[in-house]
Each structure stands twice: as C-alpha cells, then as structure tokens.
Amino acid sequence: MERDPAAGEDPAPPDRRPQGRRGRRRRRRESRTRTVRSNLQPPPPASAHEEGAAQGARRRRRWWWWRPGRGGAQHLADNRLKTTKYTLLSFVPKNLFEQFHRLANVYFVLIALLNFVPAVNAFQPGLALAPVLFILAVTAFKDLWEDYSRHRSDQEINHLGCLVFSREEKQYVNRFWREIRVGDFVRLRCNEIIPADVLLLSSSNPDGLCHIETANLDGETNLKRRQVVRGFSELVSEFDPLTFTSVIECERPNNDLSRFRGCITHENGKKAGLHKENLLLRGCTVRNTEAVVGIVIYAGHETKALLNSSGPRYKRSMLERQMNCDVLWCVLLLVCTCLFSAVGHGVWVRRYQEKKALFDVPEADGGSLSPVTAAVYSFLTMIIVLQVLIPVSLYVSIEIVKVCQVYFINQDVDLYDEETDSQLQCRALNITEDLGQIRYIFSDKTGTLTENRMVFRRCTVSGMEYSHDANAQRLARYQEADSDSEEPVPRGGSLSQRGSIGSHQSVRLVHRTQSTRSHRRTGSRAEARRASMLSKHTAFSSPMETDITPDPKLLEKVSECDRCLAVARHQQHPPAHLSPELSDVFDFFIALTICNTVVVTAPDQPRQKVRVRFEQLKSPVKTLEGLLRRLSPSRLTGCGSAASLFPAKSSSKSGSSFLPVLSADSALLGLEEKLSQPAQAQAVASEGCGEDGWASQPCAPEGCAPDPCALERAPPPPPPKDPELRYEAESPDEAALVYAARAYNCALVQRLQDRVAVQLPHLGRLTFPLLHTLGFDSTRKRMSVVVRHPLTQEIQVYTKGADSVVMDLLLPCSPDDARGRHQKKIRSKTQNYLNLYAVEGLRTLCIAKRVLSKEEYACWLQSHLEAESAVDNREELLSQSAIRLETNLHLLGATGVEDRLQDGVPETIAKLRQAGLQIWVLTGDKQETAVNIAHACKLLDQDEEVITLNADSQEACAALLDQCLAYVQARTPPGAPEKTPAGGAGGRFYPLLRLPPEAAAPRPCLSLVIDGRSLAYALEKSLEDKFLFLAKQCRSVLCCRSTPLQKSMVVKLVRSKLKAMTLAIGDGANDVSMIQVADVGVGISGQEGMQAVMASDFAVPRFRYLERLLIVHGHWCYSRLANMVLYFFYKNTMFVGLLFWFQFFCGFSASAMIDQWYLIFFNLLFSSLPQLVTGVLDKDVPAEALLAQPQLYRSGQNMEEYRPRTFWWNMADAAFQSLVCFFIPYLAYYDSDADVFTWGTPITAIALLTFLLHLGIETKTWTWLNWTACGFSALLFFTVAFVYNSSCATCYPPSNPYWTMQTLTGDPLFYLTCLIAPITALLPRLFFKALQGSLFPTQLQRARQLAKRSSPRKPRAPRDPRGPLPGAPSPDTSEPSCPGASAPASQDDASPGSWPPGAPEASEEPSPVDVSVDVSVPLREASGRRAPGRPSGPRAAVPERRSGDSRAKPARSGRTASLSSVFSLPHFGSPGWISSLSLVGGLGGVWQLSRSSLHGDKREAEFLPGPPPPRDGDLCGLGQRAADYF
Amino acid sequence: MAMSYNSKDEVDGGPPCAPGGAAKNRRPDNTAFKQQRLPAWQPILTAGTVLPTFFIIGLIFIPIGIGIFVTSNNIREIEIDYTGIDPSSPCNKCLSRNVTPCICTINFTLEQSFEGNVFMYYGLSNFYQNHRRYVKSRDDSQLNGDPTALLNPSKECEPYRRNEDKPIAPCGAIANSMFNDTLELFLVVNGSFSTAIPLKKKGIAWWTDKNVKFRNPPGEGPLQERFKDTTKPVNWVKPVYLLDSDQDNNGFINEDFIVWMRTAALPTFRKLYRIIERKSDLHPTLPAGDYFLNIKYIFLFTLQITLYILLMDENG
C-alpha cells in the first residue's frame, strides 16, 4: 500500500482510456444507475420494463420470449463475448468503409475510376482497378483472418462452463459463460475464473471473505480480499438464491477498476451500501476460498475487465510523417509533370492540327479537339499514367515490413527474460522505427531503474538509529552471490562463507544456500530465481527480501519489552511500567506488523484454507454473538453501531474455535521458542479464558487488565512454522516491513477482516481487533489502522506514511516540560536520520501512533460511519474523515527500505548516453533519494556538476532559472578551457539548500535536479522556454516529487518544443500518462501491475533490455525502413521518369511505351519482393558492433538515412537513372523499325534489372533470401512476359504484344541494352558510394568495415587498442562533449559526453561535501558497484567482454581514476595520441582506417557548428583529449 | 483493432507467473533466422572493392564494343530522300498535289556493290505513330478476321469506324494513314536501258503477325466477297482486298499493311518495305552502278517530313 509516494498518485484518469463504441453509446442513455434484480423472481413492474426497453437489444428480447422461465425484464448485455468487428453480411461494406479511411486508397480508387472516362483513359478500365483491388483484397483478407481468430477465441471463452442457479431445477447447473446474464446467481469454486462482474453474496469463508487474484486484470499476483455484501454475511444458513428479493442499484458500467458504488435495498426497505470490496471482477480468479455465490451485475461487454481492454495503439511514426510529407512532394511533382506535358500537348496539338497531320486522330464526331481541351484531357490521362509516382504499394509494404520487424523483435532471444519467462512485447505495431530515433528518455525510477523489490535496510526508533550492519553485509553477499552465479562453475567457497552468517539464522540461510546451489548446478541464477518464484508463487518474497538479519541491539530491546509485557500481562499488571523508549519500540514493531494490508498465506495448502471447524462451530458462535451484541453498546458509549460489534464478535468467535487445538499449537510453538515456560503459562491463561471466558468477559471492566480472550494462542489451522508463512502484500514496501518485523520475532500470523494476529515469542499470540483500515491514497500519502490494543484495551491508531506528511501531523510538543523537549529532540534526530537515509537512497517511511480516548473515537466513528454510508462523494468524505483521525500523532520511528537497482542499469544508462540519448528521470520520490539513486545508476557522476532548482515561488523560480542560464552560458566561453577554480563544493549536492550551488567546475557536465514544486513553476508558460533551454544543456535531468501529470507535461513540453523524439518508460500506474504522451511508451512488466504495460507501445521485462531494443532493434528498424522508403521513392520516380521522357517523343499525348500490364503490375509483383526482403532482413551493422559502439545510434537520431537532402538526392539519382535507361534504348532503336512495345519491353526489363542492381547496392547483407527474392523477381518478370506475350493474339488491345518477348530474345540488341543500360545507370551511384565509403565513410560504414574485418576471428575486440573502455569514444567516432560544453545552438551534434572517467580538473580538488557523502555510503557504494559482474573466465564471447568492461568501468570512477588520469596526462600527451593512431593503423592492417579516422576527426571538427570547442587544434587540447580517451 | 482481451489471457492466466502455468516457456527459438543471424555476404563499397569491379566491367565492354564496331562497319546504307522539299528535287512537283498519282524518279549511284540480301526501308520522321489516340485506334479482332468485328468495329476506331454507314475495314486511324507510295528500283545498265530489280514483298512482316495476328475474314470465296458490306478507309485509294494480286498477300494479311500496323516507337522510324534477295554467290545483289527509283507518290502527307528509302546490306 505504501509505495513510492509518487506511485500512490492517482492512476491515469480512466476517462482518458480509449473507450469502445459501446462506451459512447452508453453515455447517451439518460439513467445514471442500473437496477439489478434476481432473475429468479417474477419480473417487476413498469419501471424495469422501461429500462429494459431503453437498453435496446431487440433481437435478444425476442430470444427471451421463447425461453420461458428466464423471463427477467432486464435486457442488459449478456455475457457473450463478441470482439469481432464484422459479421458475414457486414464484412464487405464495413471493411471497405474502414479501408477508405486511408487517403491513399481513395486516391487510387479515384484514379482507377478516372480510367473509365473514355476521353482520358489510359488503360483498360478493368485492368486499372486491379492493383487497387488487389491491395484492398489483401488488407481485407488480413482483417478477415484477424477477425476470425478473434471469433475463435471468443467462442472458446463463451463456452467455458460455470455453475448458475436454475429456477427450474432449483439448484446450480452447469452453463456456458455466454448464457449467464445479469441477475443470475453463480457459484464459483476455488481457482475458478470469474465469468462476469459478480456481487459477492455468500462465501464459504465464515467471515464472509473471499480472496481473488487479479493477475489477469492488472498483473498483480497478490491476493485481494473481497467481502460479502453487508447484511448477507450474517446469514445463518447457506445462501438460497430463491429467497433473494433485494434490489441492487449500482452505477452504469464503467471502466474504473478501482471504483464501484451502489446500494442494495432489501425487501424490508433496509439499504446497504456496496463498494468495490463487494465486487468480483470478471477475469479474476477465486483463491483461498472454497466457494462463493454472487449475483451477476455486469455481464459481457459491460464488465469492467472488458471495458478496460483496448486494442493495440496506432501511432504514426516520425519516419512515416516525414514520408507522408515526401509523398506530398511526389504529388506536387506529379502535378508538375502532368501540367508540363499538358501544356506540351496543347502546343503540339496546335502545331500539327492546322496541318491536318495523319496521325492526329480527330474526335469521334470528326471534329477536332481544341488545343486547350486536348491539354486538359492530356493532363488527366497523364495523372493516370504517372500515378505510380505515388506508390500504391508503399503503405502495404511498410505495414508488412513492420509486422515482420515486430516479429523479429519479439523473437529476439536476447530480449527474453528468463526470470519472468517473458519476452519483449510490441503492442504498437507501427512505430518500430521510432525506436531508432529517440533523443530523450524519460524514465520512472521505482520499478524501472530499480527492482521495486524492497529490502528492509535500517530503521530508527524513538531517536535511536539501528544501522543493521549485518543486514547490509547480508545484502552485499546477495549481490556477490548474484554475480557469482553468472559464472559457469559455482564456487565452493561461497557456500561455506554463506553458511557461517549470523548465528540464529544459520539454519534458514544454509537451507537457502543449498537450494540456490542446486539450482545453480542446473542453470543460471535467473532460472533459480524463477524456479523459486514459481514454487512459492508469492509476490515480493525472494529470500533476499524475507531473510532480514536483525540488528542485535534492537532485537535485544524488542525481546526485552516482549518479556516485560509478557510478565506484566501474566501477572495482570498494567503494562505501564515500560520505559517510553521500550514502549515506542514495541509500538513501532506492532505498527510495522499490522499497519498494512498484507494477507498471510501458508504455501503448504496453496492459497486455500479449509475451515471445516468454523463451519461446524457456527451455531454456537451465533448464539454467543447475540449475547455479545446485546452487551456491546455499553462498551462504546454513544456510538453503538454494527461496526463496533466487530471486535467483540470476532474475538469470541475465534476464541471458541481455538480451544480444541491449543495444546498442539503450543507444542509447535515450543520448537520456535527457546523458552517454553511463558508459552505454557500462556496456554494456561488461554485455557482459563476458554473455560470461564464467556461468562466472565462481559463483566471484565473496561480498559483495565488485558482481556484474556484476546490472547489466544493459535489460529485454527496450526500456524505453520515461521519461515513457512507467506505474506501477500499489495506493495513491496509493505512486505518488506512485515518481513522485517518478523525478523524481530514479531510476526504477523493472521489477518482477517476484523482482526490481526501477531505472534510474539513471549507474549504469544496477540490478536488486535481491527476497527478500521484507512487505506493508502496518494493525496494523504499515508495509511492508518485503528485497533483496540489487546493489552491495554486502548483504541490506537497506527499510521505509516511519507515522512514529509507524517512529520507535519505530529502532536505539537510543548517546549516547556521535559517530555516535550525529549520528544522534540527525538523528532529532530529522526529527521536527521531520515535525511541520511534519503541520501543513501533509501525509501523512508515514518511510523507514528495515536491513542484515542473513547470519546474521541466515538465521535470520530460517528462521522466516519456517515461518510461510509454516503452515496455521493464518499471518497472525499472518507478522506476527510481519515484526516480528522490522523492528527496529533506520536512519532515512533522511521524505516529505511532499499530498492535495489535492477541488473545492468548503470551500464545501460552509460550505453544509452553514449548513444546520444538524454536521460531524464521523473520520479515521485524525494529529492535526496532520487539523487542518490541517480548516483548509483551513474546517471549523475561524482564529478558532475549538479544544478539544483528548488524554488518556493514563481518569481524565485524565474530568478533561479535566469541565474542558472547565465551561469551555463558563462560556462562555455569560446576558448576558455582553463578551469575556473570556483568553490570546490560547486557541483556538489546540498540536501536542503534552497539555492542552486552557484560555483562552477569547468569541465564536468551539468546535471539538473528539480523538485516537483519548482517544476510546476518552471512548466508555466513564461518559464518553460528557459527551463527547457537549461535542461538542454544538461546531461541528465532529475525531476523529483513530480506528479503523474507533471511527468506527462514535461514529456509533452520536450516533445513539442524541442521537436525531439521522446521515449517514456515506467512500470506503474503513475507513469501511464507519461507513457501515453511520449512518442514511444515503454512499459515495464514488473511488479506493479499491468497498467503501464497496457498503456505502452512496447513492454519490456527489465530496464536493461532498453539498450538492445533501442540501440540494436531501433537502429535496424529505422535504417531498414528508411532505406526501404527511399528505395520506394526512387523506384517509382525512376519508373515514372521513363514514361515522362517518352512524352517528349509522343507529342505529350500521355502514351506509354510500356505495356499497361507491366505498368500496372510492375510495382505490385515484379519489383516488390526483393525490397521487402531487404526491408525486413537487412542489417547495416551487426548487433555486436552496434552494442559496442552505441554512438552509432546517432545516425538515427540525426535522421542520417532519410533526410530531406537524401530524399532529393535520391530523386535526382532516380531522374538520372531513368534518363539513362530511357536514352540508351532510345539511341539503340532510333530510326529503326521497332514498334512501341517491342521497344518498351526492353525498357521494362532494363528498369527491372536496374532496380534489382540498385537494391543490390543498397543491400548490406546478402542472405540466401535476398538472392532468392531477386532471382525470383527477375524470373517472374520474364516468365510473365513470355506467357503473356504468347497467350492471346488479340486480347490485349491496344498494345497487343503478341510474340514480342519471344522476338526480342532473338535480338542481340535486346541483350546488349539490358546489359549496358543498368550498368551505366548505376555507375554514378556505385562510384559515389565507393568514393564516399573510402574517403568520407560515415560512422556506420566504418563500423561495418570494422565488423566485417574482425568477423572472421570471432572473439573480437573492436577498437581494443584504444583502451579497455569500449565506452570511451575513440578518436574517430564521436565527440565526447557535454551538451553544455559545445555551443548551445548545436543541438544536433551536441552529444552528451559518453564516459569521461574522471575529467582531470574536476576531481583535482575533492570537495568536502563529496567526502562526507562518500563516508556515509561506503558499503553500499562498494557493493553496488561490484554488482554487475565479476571478472570472468576466458569465455571471450562478445557479451562476456561487455560484462567485463562494465565491471571495469565503475572501478575507475571516483578520485583514483581521475587522479591517475591527471598523472597520465604528461605521458599520454599528443605523442600518445599520435601513436595510438599508428597503432590502430597497424592493427587494422589497412591504411584506410587510420586515414579515415584522421579524416573523420577533422571533419567533425569542421562540422561542429557554433564556436568550435576550445581544445581544438592546440597541443594542450589534444593532450587533454587524449587523456579523456584513455 | 484486436482486443487484447482474449482467451489466452483469461484462461491461461496472464503474466508473469500465473498459477498452474508452470514451466510454459516463452523463450524464443534460437534459430539463425529468428535471431537474424543468417549467414550473409556483406559487400562493402569502398574504392578497394569497387575499382576492380569497374575494371572488370570495362574489360567486358571492350570486346562488346569491338564487336559492335565491326558489325556496324559491315553494314552499308544508302539513304535517298524523296520528300521533295528541295526545289531541285524531282519530287518537288508532287508536293503540290495537283497530279494524283504523281510519279517522280530519283537517280542515285552505288559506289560499291551490295553483296548480301538488301533490305529496303522507307523512313518517316516526325510522324507520331506513338500518339496515344493513334495507337489505340485499331481493332485487333477485326484484323484477326473476326466476322462480327469486321462489320461492327471497335469504338476505339472512331472516327474511322464507319463511312457512309458501312463499317470500315480495316478501321481506325492507323490503317487509315497507311503508307501507300509505291517504289520501284531500276538499274541503269548502259545509258538509257534499265532493268527492274525484283523486290520481294513477302517476308517483311513478323511471321506471327502474318500467320496468327492478322487474318482475313473466314470464308471460301474471293476476298472481295468476304469483305462485302465494308468500305475502304477514307484515305485509301483502293479497298483492302485489292492491296495485292497475290492472295497470300492480300487483305488483312498484306505484309505492307501488317508492317504499317506495327506502330513505330519513335517519331523517327523506318519500316521494312522490300527485300532484294541475293540470287547467287557469284553475282552481287546490287552491283555498283547507277540506279533510279520510280516513286508513285500517293501518301497524303501535308507535313514536312522526311521520306526516304534506305537500302541496307545485310552482311556486306
């Protein structure tokens, strides 16, 4: 419940979700509620009929008529699932209608229709329709297939079985899901899937509870508790649907999973409220409960699950937008050429008409066309003839290619996560290439960068800090173990080492170690973890989280107060004699244990607790309950209500049932406890209680001696031994705290609706009657439980929440008395520790309590009950009520929970940064925590300069921004590389400083940290530009305490203002809006449920997969698609060019020398396959090289493959090629007896060959598929030509190409032109490519050359001579500069520095703050940095090398590294630089490399826009640069 | 489009570790194809790789060029323009169109004898046979002898479809504009005496055209009978069944007609007119000497175009 403060913020407003058509239709209905009645009752009168009519669905009503006996009047949606779009009848019109939403289709159909006008037609009208029809048919077929598979899966679901109560048979009978309708009673057994949204009316659980698992809905695997509707839980006998006469009124179906409101009116007029706790949602699974009965409220498409499901998203990628723009250019080009030839035709007609040329065909009536009319006709005909310029198959081809790309991404085994057995999912099918163009990554922190696996680290109680060193060591060992297990052979040493950890936990630890070891023998660590996850099947409970080593001092204190209390209770003393500190400690752990919503399960009987005993004992309980009910009003003055009955009832109920098993339990417990005496004493006490309890209890004076009955020993099923208990928490923090408390022997053993049981070693089992649970919400940022303390009978409120909130709610302590002063001291101490925790990157929570007097409670209860029963704005009232309760708190202590970084996060961030991506972290966490995590994941470097922006007001924010901007601009003076030795503390971080540290270290990159409040100011219209400008200068930006809305606003801002591609990655509901806004949304299918995944375009299992997804697949997808689109444009332009040149020789009459069949099918059949294959399979650079040189990613960012310039060059080349391909045959056949089509066919062949050869030049990798496709293409053309030319002598007017091809094959000229023309056409391109490839190779080309050169010897180390850091940009690659270091304007080439392992100047003077930070986190730092991997054996595959590097990198950070670089500066000056060049040259063995690297370097220097970097040129600069590289 | 809510999710229990969904491995297959690791040839275009390619291409083209050069040298052509633009030309008189038919004579001299088969072409320039509406203006069915098309020609033939309520055979603008000059070649033997060179009319069209594509209307009777109820094209002097006396070269299968109907690709074109066959190995086909052409100038052509006769020696 208590998650990241940000995580608590509201999930995305549900309204924003795409709603189906049904949703829209529903809104039109007037009534805002729905009434549900039992189907078993006779139909109710009028009003329901009206509603029924309003629901429409006439067809269904008819069906109802002839099914008598089920005659409810409720014509609501039935449970039939129908996700298909079409029916047999509606398919053709509907599909066509949908397809014509695409503009291109309309265009082509219009053109085809134009062909039917005789005056302008160019082709046989039917034939012109063929390609359009073909494409429509292909799409329609695809849609049909999709629809059919949807239909099949619908059928499968519709025919699932379920027990439904039948009126005829008076019992539950099996029916299909689709036959269930609203008002039916369904009976669900354990592990059944809920078929519809069902209101829970009865449960086999005696408390009227039911547990469900919502994994299908939101991915959360923990159990959720649902409760029988109030009024039905008290039923004595089993629920009988026939007697159900109540009327349920509830909301209209909506898609809000977390809300359900309504009320049920019983026949006697009594009303009861309904909430989401009463509703079982479709798709969830019943767990832990034997059977439940409920009435269906929403069925079928009105269930919340279905209203929430939405299809894949359709976004338009940037490349596609650019392409569309170029398509428009093509349209313009088309219009121009057509206009040109129209004018030409007009002139021609005028010239020849007056001379009555023989070839000028008059009109049908013998008259002749006026030149203008002729020109108009010619224009239209030209459009038809040249329509290919707008590529008809482009859209379809792109779709095909993208589907294939998605397939390959899905299939990538390197993106498969063994641990969760999930691979990457592409949810959006059409933005794959956007992955290759991302500039900004916006990342959530919790669960995205971190594991979201909370591990309890340390705590402070009543001002004392318990550092939990042993625990820290334990965690460090886990990390070592993690890295150990990556080795192929497990080390024997680690076992013994681990076996000897902490004394009292050794047994458990050894057990665990053995299990891990056995796993390790079989496979990797991930497998082991997965296996353990599967076996346990509990969220948040890996051994790392559960086995907490307690701090000895604190453990001592806990057991001391336990002992004291036990003794006191045993001797009937009031427990008041505990010292304040000890009582705080005790309360602290009680709060940790019970202030949550954790559900306890025992894995032995996985999630099913059979409570036979309860069933048997039900009737005595009932009588007792009645007795108690009568007595209870006296216990709580004034506010007697049903709610207040709960404690009494429960205690009696459980008490009675526990009696028979007490002895057995005590024996079991004895094993756990060393001291058997107290246990026995307790057993006696309980038994005593049991014997005379019923009579004595009511008489027990209130508030005095502890109620003996509250101290039963054991739950009805013997409590499994400690390690066997599993806690199912909604959030990992909760689980971590409960596990921590358990480590202190304060174990949560049972949680029911109305009580919580805690097991203590001496006190035994303490049952806390649970009066209220005020759940966590993101505005309050805290949760509370109200319990009656079993020892003191006081009403106590335990609150747990974010420190910022809780600290403000504390009871103001008077400075006068000593106690107050003490309190104040404790608070300030706690605050200090909280700050420390935050600096350490721990997530902090404050624990507080409040003791309520009876009067206070009674009053509050009154208002709270009112709030609960309110129908309108209940949420608001409830939260107000909660706020009233949670005041004047007494601070107990605080906890620090660590959220571990995910594997490989620092490396991934480093790589992504090298790839030129700017990473922003947007988190709801505290600034300190966020900064620390940022340091841990290398988002912030130690020597990096951090600008902190914390402003209290708009003006302050504006002033700060101006200041920062001025500073940033002053920082990059042209030609001042000298360090400005301003205060060493410059870039350091000041936790509570409200002003940005103004000082400057010159070299290090800037980072910006901004908190939520300042962010709100900075996002104002007036400041956003400045903010953005500042942020652009920074290497990384950290926004803390930001709300989901702010997150999305930041993304939107960057997206719209910087016109850059953005990617948002997150895992929780609070990231949904950000994910939706970004160009590419990535969801992490982690522990926080599926909401983020549902909203995302891509879902990855872990953050680290982002690296491969972007750098490899993104690059490939982009480059493939860009090349394919360019090729498409080229192809069409070139083809159209041929036709256009011909117009000069046919009087611009729109005549075509290419047979219409070829013309129409050329794009579609002959030349389409090879480019598809290339578009799907081509790899410009192999994956390993891309990963080794992430800077290659920049080509996509800068759109190098497909720029406007490239487009026009491409078009120019196409024009040239068409000239060549036209005029070579022209010259060859000039003044010959060749007829139009005998001349046109060679041209077609030449065009095809040119296309294939051109594609050959563009294709970088030739697999057998490419060869086959090209061969097939050529073969297909010739085959078709042969067949077509011999099939019919008179069928194809006007070309009538009978025997043309056959004749041509006998003509040597044909072969000659087919040989010469394509080669001549492609020579310039080939020449240019070769020249560019060897003289000015792009980075990609160089990488490809390198990769090819080194591919024969497999374990290669590209650029190894440059040093061990692959991250270190080699001189010939990119410029390692911060955005701020280069000119501000250089947005394109500003590449955030890619790993300066310590800029010399920055760390020359270690700042004092730096030191202090270092001291505070030595252990974690060390362990954290060691995490990624150990030096591994000589298994020298490429990935291995990477892991080795990643290990080496962190080791270099910090002062030592930078010092060494300082020392090495003189040695590695310019001579080193030069020698490195020669070294590379020598190693590469090819002169090109060294030359090109020199050249590239020079070029880069030249091309750097803005003022050139100061170090360029002079020796000093060179030296410094060299130092950076090594 | 597709709802993400499908049976798989609902029944199997969705992500990530559902109960009972034990060990259902979603790990993708590690095949070369799926992992995009198919063995591939990776050409890299650099000077080093491309220069040899250029070199090889050059080497291949050298013999080709030599071959072409030799062949073209072996072809001897003589071109005789009889348009009559030049006032000194004997055909100048025919431009005025007063006399029909106008016959003019053009003298020329062969310096060298033509040894092999000699092909006689007529050439036209600036004649747009590839004009869109011109190209379409024909009825292939009619030309193929389809009796229904004969009497009811395709609409494409408009306005040369019907004349005086009779279907035109052959219809259309192409046929209507057929080249119909008659050329005769004479060798001046000594002074005034001359001998006609035999010109072969047949074999100038594609075999498939003559035998498959073009056919006379079916029937046993004489051509005139078969073409009854049709009329000649407007510009024609005589009907289609009188194109030649030889029955095998008359009507639609008249080879001059067939050649004309194969519309030329470019506005400057030539078409085969006659073949002068080599008779024996001993005598040249056309010995060196003086010749003259007798031209019956009918082709109605109001434009300045070049009409020429071209004699090409096959293997001379």
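UniProt positions are expressed in the numbering used here, with shortened feature names, and the annotations may be inferred rather than shown by experiment. On this basis, the unreviewed UniProt entry places the feature "transmembrane region" at residues 44-70 and 291-311 of chain B. The structure is a predicted model, in which local features need pLDDT of at least 70, side-chain atom pairs count only at pLDDT 80 or more, and totals for chains, interfaces and linings use all residues. Residues are numbered from 1 along each chain as its sequence is written, chains are lettered from A and ligands numbered from 1 in the order in which they are written, and side-chain values use heavy atoms, with hydrogens and water left out.

Over residues 44-70 of chain B, the chain is 89% helix and 0% strand, and the end C-alpha atoms lie 38 Å apart. Helices (H or I, at least four residues) and strands (E, at least two) are DSSP runs numbered from the N terminus. Helix α2 of chain B (residues 47-74) supplies the largest share of a nonpolar surface patch, namely eight residues. This patch, of about 880 Å², is made by L1315(A) together with F55(B), I56(B), L59(B), I60(B), I62(B), I66(B), F69(B) and V70(B). Patches comprise residues with over 30% relative accessible area and no salt bridge, like charges being joined within 9 Å and nonpolar side chains (Val, Leu, Ile, Met, Phe, Trp, Tyr) within 5 Å. Accessible areas come from the Shrake-Rupley method with a 1.4 Å probe, and for residues only the protein chains shown count as cover; a salt bridge is a side-chain nitrogen of Lys or Arg within 4 Å of a carboxyl oxygen of Asp or Glu. F69(B), located in helix α2 of chain B, counts as exposed because its relative accessibility is 54% (buried, under 20%; exposed, over 50%; partly exposed in between; 1.4 Å probe, protein chains only).

In chain B, four strands form an open antiparallel sheet in the order β2-β9-β6-β7, where pairing requires that DSSP find at least two bridges between two strands. Strands β2 (102-110) and β7 (193-196) of chain B stand at the edges with a single partner strand each, so one side of each lacks a neighbour in the sheet. Antiparallel pairing of β2(B) with strand β9 of chain B (residues 289-297) extends over nine bridges, and N107(B) has F292(B) in β9(B) as its bridge partner.

Chain A contains an open sheet of four strands with antiparallel pairing, ordered β1-β8-β9-β10. Its edges are formed by β1 (33-36) and β10 (271-274) of chain A, each with a single partner strand, so one side of each is left without a neighbour in the sheet. Four bridges join β1(A) to the antiparallel strand β8 of chain A (residues 247-251); in β8(A), E249(A) is the bridge partner of T35(A).
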